[in-house]
Amino acid sequence: MDVSERLSFFAALFEVDKNPDAGMWYLYLTVLVLTIIVYNLGFAKKLSLLQNIIIYACLAFGCTILTFFAAFLPMAEGLFFTALFLGIYRFRLHLHRKSQNKKIA
């Protein structure tokens, strides 16, 4: 079995096997952006600037570790679908709250 057959979708998309330097950076940025989106859609609360800096620094460090797993495991794909489902949930919650406010007024 060839290495390129075992790569995850995003790793194959960024051609990690042919150009590992650029491919891993693209994969890291993809994992980081998707992690930030998932955090903001599902878990973020209003925090001070210093607390936000600490949280995003921890996210950046954690994504470094996740990127190595994401080359062969569907980490980025899981984050993508998690962001998609949380986005749908937040949109429906927004519509529900909007309809509740119209009923009250």
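Figure 1. The mean pLDDT of the chain is 92, and 95% of its residues reach 70 or more. Helices here are DSSP runs (H or I, at least four residues), numbered from the N terminus. Residues are numbered from 1 along each chain as its sequence is written, and side-chain values use heavy atoms, with hydrogens and water left out. Because the model is predicted, local features need pLDDT of at least 70 and side-chain atom pairs count only at pLDDT 80 or more, while totals for chains, interfaces and linings use all residues.

**Figure 2. The largest nonpolar core.** A nonpolar core is a set of buried Ala, Val, Leu, Ile, Met, Phe, Trp, Tyr and Cys residues joined through side-chain atoms within 4.5 Å, where buried means under 20% relative accessible area, exposed over 50%, and partly exposed in between (1.4 Å probe, protein chains only). This core has 17 residues, of which Ala11, Val16, Leu27, Val31, Cys63, Ala76 and Leu79 touch the most other members. Two or more residues come from each of α2 (9-13), α3, α4 (49-70) and α5 (75-104), and α3 gives the most, with 7 residues. Leaving aside neighbours within four places in sequence, Ala76 is in contact (heavy atoms within 4.5 Å) with Phe10, Val31, Leu34 and Ala70.

**Figure 3. Ala11 and Thr67, two buried residues.** Ala11 lies in helix α2 and counts as buried because its relative accessibility is 0%, while Thr67 lies in helix α4 and counts as buried at 4%. Their C-alpha atoms are separated by 9.5 Å, although the two residues are 56 residues apart along the chain. Apart from neighbours within four places in sequence, Ala11 is in contact with Val16, Leu27, Ala70 and Ala71, and Thr67, with such neighbours likewise left aside, is in contact with Met24, Leu27, Tyr28 and Val31.

**Figure 4. Glu15 in the loop between α2 and α3.** Most residues other than glycine have a negative phi. Glu15 is not a glycine, yet its phi is positive, at about 55°. With a relative accessible area of 39%, Glu15 is partly exposed.

**Figure 5. Phe69, a partly exposed residue of helix α4.** Phe69 lies in helix α4 and counts as partly exposed because its relative accessibility is 43%.

Note on methods:
pLDDT is the predictor's confidence in each residue, from 0 to 100.
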